[in-house]
Amino acid sequence: MTLDRLDSARLRLLFELSRSFAAHTDLEELVSLVITRCREIFDVKGGVAVLLLDPDKDELYFPYASAADPVHAERIKSLRIPADTGIAGSVVRTGRSELVPDAQQDPRYFHGVDRAIGFKTGAVLAAPLTTRAGTIGLIYVTEIHGGPVFSHDDLVFLESLAGSVALAIENAQMYGRLRASEEELRSQIGALRKDLERRDRFPEIIGTSSAMRELIRLMESAAETPIAVLVEGETGTGKELVARGVHRASPRGGKPFLPVNCGAVAESVLESELFGHERGAFTGAERAARGVFEATAGGTILLDEVEEMPAAMQVKLLRVLQEGEVIPVGATSGRKVDVRIISASNRRLEHEVAAGRFRADLYYRLAGFPIHVPPLRERREDIPLLTDHLLHLAATAHEKRIGGIAPEARELLQRFEWPGNVRQLKNELDRAVALARDGDVIGADDLSSIVRRGAARAGAAGKGEGAGAEPAPAADATSGSDAGGSLRAARARFEARYIAEVLEREGGNVSRTAEVLGISRVMLHKKLKSLGLR
């Protein structure tokens, strides 16, 4: 069977069809066109199908169904035929075309298709779709039982047509794979761009742990809304960095950002600091002054250590939030202000509300969008990344070349509990770099005794006080027993011991101790008093 047996009319038709098929790159559209044109050419009352081979499952399937009844079409599309079954399977296995005058009399015939489409098949024409990669499927033309029988010329034409169809399908499949690869690459590039945008928006947020990814997600959401944000976390976790990041990524990012430490400003001047004052409002007020709320018009105010705000100021702040205006000290009327408020606290404000130290109505105004900043001990996998980043900053500040950090020193940093969190880690590395010589590698001996002893205690606890662990120092009058008691009591004992050690190291200087601990002098004095250290 060769092209020599085709008449000139069918040769022209074959050429036109080949050009038409080659122009289609969508597989479903191509198969639909092939089926439509073959039905017209062979004028069959039965059907035309293109079956493709799924090599992974060794099954034949219908990529497109043209049945008039949608139910039949769905049945056909869901039908899968084992590749070694029926006349179709024989054509795929042998790679040879077949003309079967009566499928019902052929022992190979697979009756599942008849059941799916609802009629009885008579004559069958089948031609393999062969490409350079092998047989990828077949074209299957059927006539209803009792209808006309196909001729050998029909088979020659279908066989010739199958070559063009196979090439067109191969091109369409290749195009589909390329398009899928392009979409996957675009998706990957989009994800990478989004990750880079996150890093660009919050470059000061260092860490790849799940806790930090969740923090960045919350920051992004908070930046997109004008709602009041409450940032909670332990001392030294970077609450101000989070607040600055939210502000910078928000529509107010080009406006001022002003932090006010409510625990560091004396109660007598806090109102004037926030709301401003009129000339003569109090002794020394020689001229009127705007407060932070007016100075930050259009921007963001960070109320840090908001839990330390006196009760009288809480009432006045609540009015500002409710009315959107401030009344300067000594003024008789209010002034409208447009600012966003972000609050920060190293204590759980809801606990302060429950204890009666903070107004519930103010809490609900401030905590519209709470963000928890995880302590360093809950994201230890970020410590190596933070260490390298902070070590580079310290070396740059001290104008020293530091050759890195030794493995044993890294292990100590990883084990230590870091009650002062990132700020304490920064201070520790600043100290190590200050003590190091140009070109040194930071070793375990360059770390403070606080970190070495704390890491040893943590290591001993992790090993169950196993062999080789350094014994924990005996409890003193300040710390009490380390065994038993509530978690709160244990934290208080550790806090007292740690503050006492830092205070001793800083020669009793409260200002420097407060700076190392990352808290205000006012807060440190309160802790010293409550812990019985002063």
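Figure 1. On a 1 Å grid laid over the protein atoms alone, a cavity is a set of points where a 1.4 Å probe fits but cannot get out, whereas a pocket is an open set with protein on both sides within 12 Å along at least five of seven lines; lining residues have an atom within 4 Å of a point. Grid points are joined across faces, edges and corners, and a volume is the space filled by probe spheres set on the points. This is a predicted model, in which local features need pLDDT of at least 70 and side-chain atom pairs count only at pLDDT 80 or more, while totals for chains, interfaces and linings use all residues. Residues are numbered from 1 along each chain as its sequence is written, and side-chain values use heavy atoms, with hydrogens and water left out. A search of the whole structure finds one cavity of 30 Å³ or more, and the space in the largest cavity comes to about 40 Å³. Its lining consists of F416, I450, R457, F494, R497, Y498 and E501. Helix 17 (449–462) and helix 18 (487–505) are the elements that give two or more residues to this lining, and helix 18 gives the most, with four residues; helices (H or I, at least four residues) and strands (E, at least two) are DSSP runs numbered from the N terminus. The lining of the largest cavity divides into four nonpolar, no polar and three charged residues, where Ala, Val, Leu, Ile, Met, Phe, Trp, Tyr, Cys and Pro count as nonpolar, Asp, Glu, Lys and Arg as charged, and the others, Gly among them, as polar.

**Figure 2. The second largest pocket.** This pocket has a volume of about 700 Å³ and is lined by 31 residues, of which G236, T237, G238, L241 and R423 lie nearest its centre. At least two lining residues come from each of helix 7 (210–223), helix 8 (239–249), strand 11 (300–304), helix 14 (383–397) and helix 16 (421–435). By class, the lining holds 14 nonpolar, nine polar and eight charged residues.

Figure 3. Strand 14 pairs in the parallel sense with strand 7 (residues 229–232) over four bridges, and V231 has A344 as its bridge partner; two strands pair if DSSP finds at least two bridges between them. Strand 11 also runs parallel to strand 14, joined by four bridges, and here T300 stands opposite R340.

Figure 4. Strand 4 is joined by three bridges to strand 5 (residues 121–131), and the two run antiparallel, with E98 opposite A126.
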